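User: I would like to learn how to read a few features of a protein model. Can we take them one at a time?
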Amino acid sequence: MLSTFANTFRVPELKKRILFTLGIVLACRLISMVPMPGVDFLAVRAAMEAARADGVGGGLMDWFNVFSGGALSNCAIGTLSIWPYISASIIMQLLSGVVPSLGRLNREGEAGRAKVAQYTRYLTIAICVFQSGALAGVLQNSPESLGLNAQVVTRPGLLFLMMTVICVTSASLLIMWLADQITQRGLGNGTSLIIMFNITSRLPAAIFSAWERYFGLNGIPAERSPIELAILLAFGFLVTMGTVMLVQGIRKVPIHSTRRSVGGGSAFGGGMQQSYMPLRVNYTGVMPIIFAGPLISFPGGALARIPTDITWLSWLQKLGVQMKQMSSPLHLTLYAVLIMFFSFFWVATQFNAMQISENLKRDGSYVPGIRPGRATAEYLDALMTRVTLIGGTGLMIIALLPQLLFGLFQVPWVMASFFGGTSLLIIVGVALDTLRQMESHLLMRNYDGFLKHGHIRGRK
């Protein structure tokens, strides 16, 4: 394995791509450290600590802080990071399944996809302006919205609002452009790599927290025995193995084809060809977790702020508190149900069994024992439903593990977030995709891959 990594720097093109990617990632990390003008970031950190003490710990602010690489706690201009572009991409992908004109553009080849990408960038600008304006409003009204006694913004007003919108939007669009440069000239998918490095940038803080918890620091005795740390590491290894299996898992559907190659073209007859259609177990990726988290945090936070002196609304305030607390049975139940719901929702909007069936029929292919056409579509739809049930269940278990560790065993959230959830799924998925691209470059130049038998399989 070590010799294989050494070989990556013996291939000039691969070496150039790796160094280019690392340079772009470093630039993105610097953007997440540049402070936002006119904001007291120490007050923002105090607000986040107050939210953790209030029982939210690892809630929406912590979740966003992890995926922005700590930019939120630094109150940096890169607070939004790449997320407006991701939100725009998700919206366009969902609209492509329900808007016929967008669906046709995606099927028109490179020109159509370029047009959809242009619309996605326009939508990204609109989302950046809206979110940066909302961020500026929250910061200006920090005593009421964040529960602080001090003003976060030194000089609130229209000028601060305009300056924040311009700085944050420009930084987010710059990160989007840098991500495109990684995809075109670097190694791997730029958007995914930036998110992964944002997440792993919190790893030193997790190690520091673990050392303080299990070995003590600066004369402060350890809170827990190192045996617990050993158990956690073993547990984390097993969870990582399960995550790799979930990300890599596929259900092979046998496909028979009656076409054969003739002089570079294709013709009917001349023997049967057999192949497989891979149905990914984790077809939805991390989308159900991304959708489920805010749908619990926003209503829970709003209900929890209902004044307790209003007697007839006190039950709503208690309901909001239960929704906010990650270890409460209500929060865990709603989180699990929403993850399963969005797993099936995403497959229902993105997996078009009828279109796949028509493509197979047009290419002279069929599933053995299934009639072409509608019967094949119904078979694929039923099979994908069973596969989604398995994938959604695995996704639900992985998503709940960090919250259970935080709530039941009082493991600090900065540590617990690496034992499952969106963080681990993104790290594993992006690492596998990047290693697969590196392996393909090595095999093209007669070097050994990372595995002795077989190859690393990508997520797509």
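User: Is glutamine 410 buried, partly exposed or exposed?

Analyst: First, a caution: this is a predicted model. Buried means under 20% relative accessible area, and exposed means over 50%. Glutamine 410 has 45% relative accessibility, so it counts as partly exposed.

User: Where is glutamine 410 in the chain?

Analyst: Glutamine 410 sits in the loop between H18 and helix H19 (413-416).

User: What about serine 81: what is its phi, and where does the residue lie?

Analyst: Serine 81 also is not a glycine, and its phi is positive, about 50°. Its place is the loop between helix H5 (71-74) and helix H6 (83-98).

User: Is serine 81 buried or exposed?

Analyst: Serine 81 counts as buried, because its relative accessibility is 4%. Glutamine 410, at 45%, counts as partly exposed.

User: Now helix packing. How do I describe a pair?

Analyst: Two packed helices are described by the angle between their axes and the distance between the axes.

User: At what angle do H13 and H18 pack?

Analyst: The angle is about 155°, and the axes are 10 Å apart. Angles over 145 degrees count as roughly antiparallel. H13 and H18 are therefore roughly antiparallel to each other. The crossing of H13 past H18 is left-handed.

User: Which residues make the contact between H13 and H18?

Analyst: H13 supplies Leu232, Phe235, Val239, Thr243 and Leu246. H18 supplies Gly391, Gly394, Leu395, Ile398, Leu401 and Leu405. By class, the contact has eight nonpolar residues, three polar and no charged.

User: How do H13 and H20 pack?

Analyst: Helix H13 covers residues 226-248 and helix H20 covers residues 421-444. Their angle is about 60°, and their axes are 10 Å apart. H13 and H20 are therefore oblique to each other. Their crossing is right-handed.

User: Which residues of H13 and H20 meet?

Analyst: On H13, they are Val239, Thr240, Thr243, Val244, Leu246, Val247 and Gln248. On H20, they are Leu424, Leu425, Val428, Gly429 and Leu432. The residues of this contact divide into eight nonpolar, four polar and no charged.

User: Let's go back to single residues. Is threonine 376 buried or exposed?

Analyst: Threonine 376 is buried, because its relative accessible area is 3%. It lies in helix H18 (residues 374-408).

User: What does threonine 376 touch?

Analyst: Leave out residues up to four places away in sequence. Threonine 376 then touches Ser357, Leu360, Val367, Ile370 and Arg371.

User: How far apart are glutamine 355 and alanine 377?

Analyst: They are 22 residues apart in sequence and 8.0 Å apart in space, C-alpha to C-alpha. Glutamine 355 lies in helix H17 (residues 353-362). At 30% relative accessibility, glutamine 355 counts as partly exposed.

User: What share of contacts join residues at least 24 apart?

Analyst: Take contacts between residues at least 6 apart in sequence. Of these, 69% join residues at least 24 apart.

Terms used: Residues numbered from 1 in each chain as written. Predicted model: local features only at pLDDT ≥ 70, side-chain atom pairs only at ≥ 80, totals over all residues. Heavy atoms only, no water. Axes fitted to C-alpha atoms, helices over the stretch in contact; angles between N-to-C directions. Helix = DSSP H or I, 4+ residues; strand = E, 2+ residues; numbered from the N terminus. Parallel < 35°, antiparallel > 145°, perpendicular 65-115°, else oblique. Left-handed = near helix turned anticlockwise from the far one by under 90°. Contact = heavy atoms within 4.5 Å. Nonpolar A, V, L, I, M, F, W, Y, C, P; charged D, E, K, R; others polar. Buried < 20%, exposed > 50% of the residue type's maximum accessible area, 1.4 Å probe, protein only.
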